[in-house]
Amino acid sequence: MNHEHWDEDRIEELLKNVPKIHDVRSKEEVFERLKRDGVFDEEPPKNSPIIKKKTKIMPWLIAACAALFAAVLIPSLTNNSMEEQAILNSEQDDSSGDQQEMETFALPNDMEEKENFAPMSTSDADIKTAVYPEQLEGNTLFKIGLASDEAESIPVTILIPNEKIVEDFGKDNPTQVELYNEYAPQLNEKLLGFNEYHPYVGEITESEGKVIHKLPNNHPYDEDAATYYATLTDTFSDYSEMEIVDENSEPVILEDIGEEYTLLTEKSKQHSYFKYVQNDGSEFLAPNFRETYSTVEEAMEALKVSTNDIYKSVILPNADYSVSVNHDVVIITFKNRLDLFEYNQVEAMQMIEAMLLTAAGFNKSVQFENIVQTEWEGFDFTKPLPIPVGPNELPYTVLENR
């Protein structure tokens, strides 16, 4: 603010604040003073010309008024000036603070800063959808395949607190069959946008590492054997073999499956993961109609292409890559330097996790090369990323909705 520019209202306000001057002398004192000064003489005294008297009196009066005005006005102006200067300084400080804050959160321009830059997100929500080994601390893993109208099975993972496990089973570490029989009836699939498919019709048991499903005579699984098999595979992926029998414990061979599918080999888990979108907009990562691959290189290359309208590729635009394998590590090298911050963060995470889940089917981890960021969303790209233990995490509360 420039203090030399005063408007008329401001000047008038200051003058009103000047104290009024009061003459406390009596009338007699004033009269005697005037007589001494010759004001009432018919002729001016020869030794005291009026002009001379004026010359002596006027400077004194002007000086006195000036001194009085200065004594009153200058402190007022000084105080106001100091107050306005303080306001100005405060505004400058605020402006400086805002500028400093803008500089603090400004995106870095050069690549070196960008590599280590982690912008503050508007939310602390974790955009990962898979479950990782560190999350098993204090929790038990429950996996199940959910059926929908279009997809054969969507594998989901639920972490159940160990305290709840002990409460429900009276022990730690129940088997997947025990978990299924306890919690599948509590899952409200329709509320999640899936078909009501669980629990299975009949009886689910286990023996010597083998899942046994005893079916009644009027079971519905001949009509949609592909969905039945897919959900079994996703639900009991920890087992190497399953057996389907009738009420007399005789083997049942379902149409479109055949006896050979009772063996859950490692190859049955070697899929590429794509994006599946429910009618309500919910998105999941899932195998593309259970298509399997002999090598992880083939599975990683398959991620690049959508072969139908149901399962969509999650590979980001302009994110082409090459694949190599070094022992138990799959090395994904992007051909162009990939800046994950240039993409929708959820879509970027879907690509990363689809690759991790695809490699997990081959019991391998993934090392990413040629990514701008060294750390992102809890991932450290300077080393192989952890192998996920399950896709599509759902909150434990979904078991309380039935």
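These legends describe close-up views of a predicted model.

**View 1**
Helix α7 spans residues 225-235. It is largely enclosed by the rest of the structure, because 10 of its 11 residues are buried.

S237 lies in the loop between α7 and β5 (241-245). Is S237 buried or exposed? S237 counts as buried because its relative accessibility is 16%, and the cut-off for buried is under 20%. The side chains of S237 and K143 make a polar contact of 3.0 Å. Beyond its neighbours within four places in sequence, S237 touches K143 and K269.

**View 1. The three-stranded sheet.**
Three strands build an open sheet, ordered β7-β6-β8. Their pairing is antiparallel. Strands β7 (283-287) and β8 (311-312) are the edges, and each pairs on one side only.

**View 2. Strands β6 and β8 side by side.**
Strand β6 covers residues 273-277. Two bridges link β6 and β8 in the antiparallel sense. K275 has K312 of β8 as its bridge partner.

**View 3. Helix α9 against the sheet.**
Helix α9 (residues 345-360) packs on the sheet formed by β7, β6 and β8. The helix touches β6 and β7. Its direction makes about 30° with that of β7.

Methods: Residues numbered from 1 in each chain as written. Predicted model: local features only at pLDDT ≥ 70, side-chain atom pairs only at ≥ 80, totals over all residues. Heavy atoms only, no water. Helix = DSSP H or I, 4+ residues; strand = E, 2+ residues; numbered from the N terminus. Buried < 20%, exposed > 50% of the residue type's maximum accessible area, 1.4 Å probe, protein only. Polar contact = N/O pair within 3.5 Å; in protein donor to acceptor, adjacent residues only side chain to side chain. Contact = heavy atoms within 4.5 Å. Pairing = 2+ DSSP bridges. Axes fitted to C-alpha atoms, helices over the stretch in contact; angles between N-to-C directions.
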